[in-house]
Amino acid sequence: MEKKSIDFFRTSNTAIEINEMWCPYCEGVFYELDMYELDECPLCRSVFVEEPSLNESDSDEYTLIVDPQTGIPTVIRNDEYEPVLRPKAIGATE
């Protein structure tokens, strides 16, 4: 699959991390945003008294991009794009 080009200097964007979780009650697998934990299992509806387990080997990162001209959001998986690099200014040093 060809990677998409994204110019982060011309879009409003933020990273989104999605974690795979394991319910201690029904033992089902569900997904949630990092730092925005669920209060109950979406599968069995048990309220979390005991915290669900995080599958540390399985988390995906996405980027939410808002088109500055239309306001339309797009979510992309981070391994599907190639960032556009800002051109160096004439005479700039690294």
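Select Glu56 first, a residue of strand 4; strands here are DSSP runs of E of at least two residues, and helices are runs of H or I of at least four, both numbered from the N terminus. Glu56 is exposed, with a relative accessible area of 70%; exposed stands for over 50%, buried for under 20% and partly exposed for the range in between, with a 1.4 Å probe and protein chains only.

The model is predicted, with local features requiring pLDDT of at least 70 and side-chain atom pairs pLDDT 80 or more, while totals for chains, interfaces and linings take in all residues. Residues are numbered from 1 along each chain as its sequence is written, and side-chain values use heavy atoms, leaving out hydrogens and water.

Zoom out to the whole protein. There are zero helices and six strands, and the order from the N terminus is β-β-β-β-β-β. Of the 94 residues, 20% are buried. The exposed surface comes to about 7400 Å², of which carbon and sulfur atoms supply 51%; accessible areas are from the Shrake-Rupley method with a 1.4 Å probe, and for residues only the protein chains shown count as cover. Take the contacts (heavy atoms within 4.5 Å) between residues at least 6 apart in sequence: 50% of them join residues at least 24 apart.

Next, show the open sheet of four strands, whose order is 3-2-4-5 with antiparallel pairing. Two strands count as paired if DSSP finds at least two bridges between them. At the edges are strand 3 (29-33) and strand 5 (73-77), each pairing on one side only. On average, neighbouring strands of this sheet are turned by 30° against each other, direction ignored; the axes are lines fitted to C-alpha atoms, for helices over the stretch in contact, and angles run from 0 to 180 degrees between N-to-C directions.

Select residues 53-66, which form strand 4, together with strand 5: the two pair in the antiparallel sense over five bridges. Val66 stands opposite Pro73, and Leu64 stands opposite Val75. Follow the chain through the hairpin that strand 4 and strand 5 form, with six residues between them. Stop in its turn at Gly71, where phi is positive, about 80°.

Two further stops have positive phi in residues other than glycine. Glu27, with phi of about 65°, sits in the loop between strand 2 (12-22) and strand 3. Glu27 counts as exposed because its relative accessibility is 55%. Met35, with phi near 75°, is in the loop between strand 3 and strand 4. Its relative accessibility is 60%, so Met35 also counts as exposed.

Finish with Trp22, Val29 and Tyr31, shown as a surface. Together these make a nonpolar surface patch of about 300 Å². Patches consist of residues with over 30% relative accessible area and no salt bridge, joining like charges within 9 Å and nonpolar side chains (Val, Leu, Ile, Met, Phe, Trp, Tyr) within 5 Å; a salt bridge is a side-chain nitrogen of Lys or Arg within 4 Å of a carboxyl oxygen of Asp or Glu. Val29 belongs to strand 3, and counts as partly exposed because its relative accessibility is 43%.
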